[in-house]
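The structure comes first, then the notes.

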Amino acid sequence: MEWIAAKTVAEALAHAGPGARYVGGGLSLSLLSERGVERPQRLIDLSALPLRSIEGRQGELRIGAMVRLAALGQEPLVQTIAPLLRQVVAQIATPAIRNQATVGGELLERPRCPLFRDATNPRCAKRLPGSGCAVLEEAHAAGAIFGTSAACIAASASELAVALGALSAQVTLLSPEGLAERSLPILDLYVEPGQTPEREQALTPGELLTSVTVPVSSQRRFGYARIADSPLLPLASAAVMMELRDQQVVEARVILGGLATRPWRARACEQALRGHRVSDALVELAVARVLDGAKPRPDSRHLPALATQVVRAALRHAVEEHATVRR
Amino acid sequence: MTDRPEDGELSRRQFLVASAVSAALAKTASAQPGLPPSAALSPARPIPREGELLLHWTVNGQPQQVVIDPQASLMEVLRESLGLTSVRRGCEDGSCGSCTVLVDGKRIPSCLLWAALCQGKAITTVEGLSPDGELSPIQAAFIRHKASDCGFCTPGQVVAAHAILSEPWGSDEDSIQQSLCGQQCACGRRPQIAAAIAAVRSQRG
């Protein structure tokens with residue numbers, strides 16, 4: 001295995017190619033490599049690149065992809081501009097992991113499906129295209145209930161993406177082809193497994209995630225809730241946003257984590273909120289639509305209840321949040 | 001190189017253990033048996049072979065050069081090349097905290113950290129907390145509060161507790177519990193560990 005300590009972004013991009021992987025904090029990639037789940041031939045260390053700043057610009061917060069989660073959580077600007085982000089970051093993994101893990105690495109974390117992460121399991125279409133899915137075939141309780149396909153039901157892992165989805169953040173990507181830069185709404189970064197579960201993000205070959213941009217809004221309220229039985233394995237989470245005008249919901253976002261193959265917008269739930277006066281009754285009407293489009297299996301009958309619980313809790317937090325963010 | 005257990009070969013970690021065992025044997029026997037160590041500390045000028053890396057770093061205050069396999073974790077290099085077995089091989093997925101060390105003063109699970117990411121860094125294990133043989137305040141507090149039982153997790157707990165004292169946590173019980181997330185003690189000494197941290201914190205005001 002070849003180790004490249006890139007000194008510039010251009011040098012990092014120049015080393016991209018088949019078998020090459022970018023290294024942010026490297027914690028997850030080292031674990032997956034050790035287990036034989038990932039087999040990188042070339043590691044491109046991004047530690048020295050100038051992607052570690054957090055800047056408050058006009059109307060937005062820009063976060064470099066190599067910012068450590070601990071630094072993100074402790075940054076006063078984040079607390080002022082996007083307290084939701086701080087709340088979510090403070091619950092990701094463990095404090096020691098957050099000292100090393102990066103924003104970019106967390107966003108591109110591979111799924112925690114136990115049978116994907118077990119290289120001795122021969123039936124995982126995510127690792128071995130066309131090999132089936134041992135979770136489905138052996139009726140394990142693991143797996144997502146939204147956005148699944150016959151090939152794969154692995155739940156996406158990023159919690160940061162759930163929060164950033166509610167915050168309407170954008171990601172900036174840089175391609176090795178002519179150093180072309182593009183921006184995407186964060187939720188468009190993720191793709192459903194379909195028949196190609198080996199692909200989890202809409203990244204082109206060698207494309208590098210360089211930063212995340214969070215717009216600032218004084219009119220929006222946010223809420224977050226999660227259920228976890230271990231710090232490394234949140235079962236379900238929800239981040240919500242409600243934009244209110246005279247107590248009317250003019251815009252809403254409800255993002256589910258842990259239960260879907262990608263950070264999941266509960267669109268029917270959002271639709272139920274829009275145009276109505278905010279109230280406890282409205283929260284219940286919206287919660288009743290959380291499971292629209294869900295595909296629970298007999299082996300995961302406990303998961304729909306988790307989805308409604310986290311959305312209800314997150315919406316209540318948003319309703320009760322009186323101290324809205326001001327510029 | 002392959003890590004797949006069904007191949008029936010030594011996995012890389014098993015290989016490293018074998019290397020460490022053979023390196024230990026080499027100290028007592030004159031002949032070097034079996035496999036060469038994948039990472040070796042040399043007093044002179046270590047020369048990396050193809051595919052290896054030369055690290056310049058500081059371990060417990062000592063500047064060193066060490067040749068490593070780019071796939072080696074910091075935990076493996078500290079244990080098997082430098083003999084610092086206070087750094088435990090625990091869960092190896094970052095959740096137990098028995099391998100916690102400081103990298104430039106910040107606690108990190110060394111089992112998941114590629115040593116190659118530690119170029120130019122200062123590494124501190126529990127040995128580095130009492131360089132002159134004097135117990136650091138947190139070590140003394142661990143003894144006073146009987147915060148250790150079997151001792152397996154203790155070095156990682158002490159390093160983590162040392163780091164927690166310089167992190168921005170609140171002083172209430174809930175904050176101390178949150179700060180210890182990822183530090184497990186199978187003997188159930190968590191309350192005593194938390195008490196030791198609280199005691200040092202209150203001494204410092």
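In this predicted model, the rule finds 2 residue pairs in polar contact across the interface of chain B and chain A, both at pLDDT 80 or more. A polar contact is a pair of N or O atoms within 3.5 Å; within protein, one must be able to donate a hydrogen and the other to accept it, and residues adjacent in sequence count only if both atoms are side-chain atoms.

**Side of chain B that touches chain A**
- The elements giving two or more residues to this side are α1 (12–28), β5 (106–109) and α5 (173–179) of chain B; helices (H or I, at least four residues) and strands (E, at least two) are DSSP runs, numbered from the N terminus.
- β5(B) gives the most, with 4 residues.

**Interface totals**
- The contact (heavy atoms within 4.5 Å) takes 32 residues from chain B and 30 residues from chain A.
- About 2500 Å² is buried between chain B and chain A, 65% of it on carbon and sulfur atoms; buried area is the accessible area (1.4 Å probe) that two parts lose on being put together, summed over both.

**Hairpin in chain A**
- Strands β6 (residues 170–174) and β7 (residues 181–185) of chain A pair in the antiparallel sense over 5 bridges; pairing requires at least two DSSP bridges between two strands.
- V171(A) lies opposite L184(A) in β7(A).
- Between β6(A) and β7(A) there are 6 residues, and G178(A) in this hairpin takes a positive phi near 65°.

**Conventions**
- Residues are numbered from 1 along each chain as its sequence is written, and chains are lettered from A and ligands numbered from 1 in the order in which they are written.
- Local features need pLDDT of at least 70, side-chain atom pairs count only at pLDDT 80 or more, and totals for chains, interfaces and linings use all residues, while side-chain values use heavy atoms, with hydrogens and water left out.
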